[in-house]
Amino acid sequence: MPRIEVQEERCKGCLLCTLVCPKKIIVQSNRFNKQGYKVVEVHPEDMDKCTGCASCGHICPDSAILVYKPVKIGEAA
């Protein structure tokens, strides 16, 4: 199952990822990181909607989003 992981200490709360997510599952949280930025999150009940498109990871200026997408059998690793 595809999923993303937000490295909260790198997130600056720019919300660019929320704009490019085709499923609109990335939202601003109520949590602040050590630098005082409000970080983004995906609610656990929405994570199964992630397609692993990696748009969020590509647009993030701080490389704060890791995208995990399982390799299908027969695909090169």
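Tutor: The side chains of E41 and R31 form a salt bridge, with an N to O distance of 2.8 Å; the term stands for a side-chain nitrogen of Lys or Arg within 4 Å of a carboxyl oxygen of Asp or Glu. E41 belongs to strand β3 (residues 38–42) and R31 to strand β2 (residues 26–32), so this pair ties together parts that are 10 residues apart in sequence; strands here are DSSP runs (E, at least two residues), numbered from the N terminus. Salt bridges with shared partners also join E8, R31 and E41 into one network. E41 is buried, at a relative accessible area of 18%, whereas R31 is partly exposed at 36% relative accessibility, where buried means under 20% relative accessible area, exposed over 50% and partly exposed in between (1.4 Å probe, protein chains only).

This is a predicted model, in which local features need pLDDT of at least 70 and side-chain atom pairs count only at pLDDT 80 or more, while totals for chains, interfaces and linings use all residues. Residues are numbered from 1 along each chain as its sequence is written, and side-chain values use heavy atoms, with hydrogens and water left out.

The structure holds 5 salt bridges, among them one between the side chains of R3 and E5, at 3.7 Å from N to O. R3 is partly exposed, with a relative accessible area of 35%, and E5 is likewise partly exposed, at 33%.

Key
Helix = DSSP H or I, 4+ residues; strand = E, 2+ residues; numbered from the N terminus.
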